[in-house]
Amino acid sequence: MKIAVWGHPASELEPGADSIDHVRDWLGRLREAGVSMYFPFVLSGGKSFFECEALGPAERDLLGPIMQVAGELRMAVHPILGLGGIVGAGGHVYQKPFEKTEVPGWAAKWPCPSWGENHAVTVRAADQMIEAYSPQGVHLDYARYPNSSLLSENPCACERCQEMRLKWLGKAVPEPRDMAISGYNFKELGWRGQFVRAFVESMRGVTDSHGIQLSAAVRARYYEDALVEGQDWAEWCEDGLLDIVCPMSYNPCFGRFARFIGNHRRLAGDTRAQWFAGIGRRSSLGVIDAEMMRRQIEFAVSAGAEGVSIFHARALEDEDLRVLGEISRRD
């Protein structure tokens with residue numbers, strides 16, 4: 001069993017505490033606990049933490065020392081890039097469909113996957129990053145449209161999304177009565193899925209050209225969230241687009257977590273991709289302690305997961321690292 005962690009190096013390695021020795025101490029603690037893969041956010045909120053012409057000047061170069069130390073520790077690194085959310089880099093963003101609608105601030109900054117220009121920025125950044133830093137893989141996150149809870153009532157009305165609807169709906173912005181029709185949703189979700197898949201295929205092409213892996217963090221609720229947001233990760237796994245898939249099955253309720261694991265085993269457990277169960281040590285869904293983390297890891301592995309990925313590295317305290325060490329040595 002492999003243990004991976006999602007990391008936020010910009011906060012794990014604050015300015016003034018980001019020397020090679022600080023990096024060695026931080027990653028060394030994780031490696032000693034059995035963590036063999038590190039998925040760092042190297043682009044966050046418009047700030048990049050690696051040198052890359054496609055993204056402009058870096059806030060700091062943290063990926064360089066991370067790669068050096070990870071090599072010493074024999075730890076695989078898959079830097080995180082994506083389409084939207086905090087890791088999106090494109091300039092064409094989500095537009096609300098109705099003037100009086102209020103949408104969250106994060107939605108107004110979300111690069112819309114309908115634009116190939118948005119794909120191109122990230123694909124070019126990935127290619128330049130791999131050339132310069134030689135990571136063992138690239139990790140996708142936010143490879144999707146904005147949250148389903150937003151899209152169900154307020155689908156994107158950017159110029160490209162309006163053009164798509166005009167072709168088959170006859171209007172640029174759907175009315176509430178349209179969104180209640182199954183056929184409308186079939187068409188809308190269909191082209192969302194096509195655009196997001198095109199991005200994943202492009203990233204797969206880049207990683208293949210460099211001979212490295214493509215992994216991804218994906219939505220835990222496949223039908224309710226992933227498909228609505230254009231993220232058909234089960235199909236990506238079946239078709240060999242991903243080497244590792246990490247459904248984010250975060251939940252402090254063990255019963256809910258177990259249901260996620262059952263669904264994910266069915267969707268990913270017999271595909272070409274390795275399935276890593278996502279464990280939410282501290283996430284927007286809540287906090288679990290070290291013993292619950294142990295229980296969730298052991299359950300996921302017993303269900304057939306080939307590894308786990310923990311969110312997130314900075315949440316791991318001494319007791320968590322001790323538990324992870326026990327699990328890794330046992331395996």
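## Fold report: a parallel sheet and its surroundings

Of the 331 residues of the protein, 55% count as buried. The model is predicted.

**Overall build**

The protein holds 13 helices and 13 strands. Its radius of gyration is 20 Å, close to the 20 Å from the globule rule for 331 residues, so the protein is as compact as a globular protein of that length. The C-alpha trace spans about 60 × 45 × 35 Å along the principal axes. Among contacts between residues at least 6 apart in sequence, 77% join residues at least 24 apart.

**Surface and charge**

The side chains include 36 positive and 44 negative ones. The centres of these two sets lie 5 Å apart.

**The sheet**

Nine strands make an open sheet with parallel pairing. Their order is β5-β2-β1-β13-β10-β9-β8-β7-β6. Which strands stand at the edges? They are β5 (76–77) and β6 (80–81). Each has a single partner strand, so one side of each is left without a neighbour in the sheet. In general, strands of a sheet pair through backbone hydrogen bonds, either parallel or antiparallel.

| Strand | Partner | Bridges and sense |
|---|---|---|
| β1 (residues 2–7) | β2 (residues 37–40) | four bridges, parallel |
| β7 (residues 137–140) | β8 (residues 213–218) | four bridges, parallel |
| β8 (residues 213–218) | β9 (residues 244–247) | four bridges, parallel |

Val5 has Tyr38 of β2 as its bridge partner. Leu140 stands opposite Ala216 in β8. Ser215 stands opposite Ile244 in β9.

Strand β8 pairs with β7 and with β9. Why is β8 largely enclosed by the rest of the structure? Five of its six residues are buried, so the rest of the structure largely encloses the strand.

**A buried glutamine**

Gln296 is found in helix α12 (residues 290–302). Is Gln296 buried or exposed? Gln296 is buried: its relative accessible area is 0%, and the cut-off for buried is under 20%. Leaving out residues up to four places away in sequence, Gln296 touches Asn251, Phe254, Phe257, Ile279 and Ile288. Ala17 is 279 residues from Gln296 along the chain, and the C-alpha atoms of the two are separated by 33 Å.

Notes:
Residues numbered from 1 in each chain as written. Predicted model: local features only at pLDDT ≥ 70, side-chain atom pairs only at ≥ 80, totals over all residues. Heavy atoms only, no water. Helix = DSSP H or I, 4+ residues; strand = E, 2+ residues; numbered from the N terminus. Rg over C-alpha atoms; globule rule 2.2 N^0.38 Å. Buried < 20%, exposed > 50% of the residue type's maximum accessible area, 1.4 Å probe, protein only. Contact = heavy atoms within 4.5 Å. Lys, Arg positive; Asp, Glu negative; His and termini not counted. Charge placed at Lys NZ, Arg CZ, Asp CG, Glu CD. Pairing = 2+ DSSP bridges.
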